[in-house]
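Hi everyone, thanks for coming. Let me put the model up on the screen, and then we'll walk through it together.

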Amino acid sequence: MAMSSQSLGRGGIVTSLLSMGTAGIGNLFRLVSDEDARGALRTSYDAGVRYFDTAPHYGLGLAEERLGAFLRDIPRDDIVLSTKVGRLIRENPHHDGGMDDQGFMVSNRIHRVLDYSYDGVMTSLEESLVRLGVDRVDIVYVHDPDDHEREAMEGAFPALDKLRSEGVIGSYGAGMNQSAMLQRFVDNTDLDVVMCAGRFSLLEQPALEDLLPSAVARGVSVVAAGVFNSGILATDNPQPGAHYDYAPAPKDVLWKAQAIQAVCAEHGYSLPQVAAQFPLLHPAIAVVCLGARNGSQAQRNVELFDPQISRDFYSHLADQGLVNPEVLAY
């Protein structure tokens, strides 16, 4: 199931249902060795994963550099590659010998400068191509423009539209941890793919009310990321202290995760397995993006999609009020 061919966007891109996200190999929350990072990439590729997503934000360029080193050993046309714009990586005038303040275990000798302007997007993509060691990427996302919606509309999207019209990129869109602004972008630009993190997951489905109907109406593909909601759905035994949206999970969220897990166990499924496959119930979702820090995590990600879970199982969850029954209307 995970390696089946999926059409992504309107630019003729066809790729695997499973994508590997590279925030983890950018040292998110913990140090990852070059060997482990390469193991995650190689295992994913050998298992049939053909879509790799990255961003300058991930480790202040480290994830792009590690992915670029891996790409030197495989045919470029074998894979779909996406990166993001909106953050330029620059020398940090306030460097104090410490570490990055946004969760990545890398030196703060460099830092992010937010820039969603037309020129900023062009510069960001040029610099990403250098770090990746390639002459093109397939998809470019505007990254987290939550407080910069106007700048994205007036600068970033026109730049990406020009690049797509010239054939420099195949598709463009936005990647965010919310669905409401993504819906506005879908309705008011000509993007053809978006990445939505955490807002259409086994635990919560707010994107059903805004983004996903618009995506279907406009022919926009959605990549589901953050399907474990920062970790609470990533294990079979959610416990107090489990992370939800990058913070300890509130009691009501923990209770719901535990209740879902109990139903999963009753039917012989693991919680991560159900969480990974759940987004694919909606016709707008084309790809699920999962991160990995090493080869064993990458292999586990692939195995989460086999066997395919029956739609009847999700009916049990809906009957108990654990997922929105509208999920099953398609």
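When I say helix or strand, I mean DSSP runs, H or I of at least four residues for helices and E of at least two for strands, numbered from the N terminus. What you see is a predicted model, where local features need pLDDT of at least 70, side-chain atom pairs count only at pLDDT 80 or more, and totals for chains, interfaces and linings use all residues. Residues are numbered from 1 along each chain as its sequence is written, and side-chain values use heavy atoms, with hydrogens and water left out.

Let's start with the barrel. Its 8 strands close in the order E3-E4-E5-E8-E9-E10-E11-E14, with parallel pairing; strands pair if DSSP finds at least two bridges between them.

H3 lies across strand E5 (80-85) and strand E8 (139-143), at about 135° to E5. Contact here means heavy atoms within 4.5 Å, and angles run from 0 to 180 degrees between N-to-C directions, with axes fitted to C-alpha atoms, for helices over the stretch in contact.

So, where does serine 124 sit? Serine 124 is found in H3, which spans residues 118-132. Is serine 124 buried or exposed? Serine 124 has a relative accessible area of 1%, so this residue is buried (under 20%; exposed is over 50%, partly exposed in between, with a 1.4 Å probe and protein chains only). Leaving out residues up to four places away in sequence, serine 124 touches Pro56, Lys84, Val85, Gly86, Arg87 and Leu88.
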